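Hi,

Here is the structure I promised to pass along. Have a look, and my notes on its salt bridges follow below.

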Amino acid sequence: MSTLRRTVAAVVGLAIGVVGVLALREATLSTHQPVAADSRVAVVLDVDTRNRERDQSPAEMVGALLAVCRLEVSSDLVGTPREVAPGRFEAVLEPALDQTNRRQFRGCIEDWTIDSLQAHVRSLEAVPSP
């Protein structure tokens, strides 16, 4: 009888392990959702520059950061980023970003990709197409 109990316990343990692995896979898998080709998303960044070179403007540094992070996702910058308040910039990407690309883009922006530039994504919201 103890062999039967061990076998049942092993099968139950294996089933729980498989369910756990599948749940973890689903939670961490990068899956992309379709987005309309003419959709747009606006990203608003709060930025801080410290110890930057004198000939580098915050706008130039933000433009470089967005250009680098744009390479991580399947969207393009529309125009150039604009300063909407001191230390706050807005840029538009087309097509819009799905959830996976939003996480990846936000992570890239908030990493210290460009020396002397710290950026925080304030918002990432859909905007109407022209």
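**Salt bridges**

Glu-94 and Arg-40 pair up through their side chains in a salt bridge, 2.9 Å from N to O (that is, a side-chain nitrogen of Lys or Arg within 4 Å of a carboxyl oxygen of Asp or Glu). Glu-94 sits in strand β3 (residues 88–94) and Arg-40 in strand β1 (residues 40–49), so this pair ties together parts 54 residues apart in sequence. Helices (H or I, at least four residues) and strands (E, at least two) are DSSP runs, numbered from the N terminus.

Before going on: this is a predicted model, where local features need pLDDT of at least 70 and side-chain atom pairs count only at pLDDT 80 or more, while totals for chains, interfaces and linings use all residues. Residues are numbered from 1 along each chain as its sequence is written, and side-chain values use heavy atoms, with hydrogens and water left out.

Back to that pair: Arg-40 counts as buried at 17% relative accessibility, and Glu-94 as partly exposed at 25%. Buried means under 20% relative accessible area, exposed over 50%, and partly exposed in between (1.4 Å probe, protein chains only).

Arg-88 and Asp-46 form another salt bridge, at 2.6 Å, N to O. Arg-88 is in strand β3 and Asp-46 in strand β1, so they link parts 42 residues apart in sequence.

Then there's Arg-106 with Glu-110, at 3.9 Å, N to O. They are 4 residues apart in helix α3 (residues 99–110), about one helical turn. Shared partners also join Asp-46, Arg-88 and Arg-122 into one salt-bridge network. The search of the whole structure finds 7 salt bridges.

Cheers
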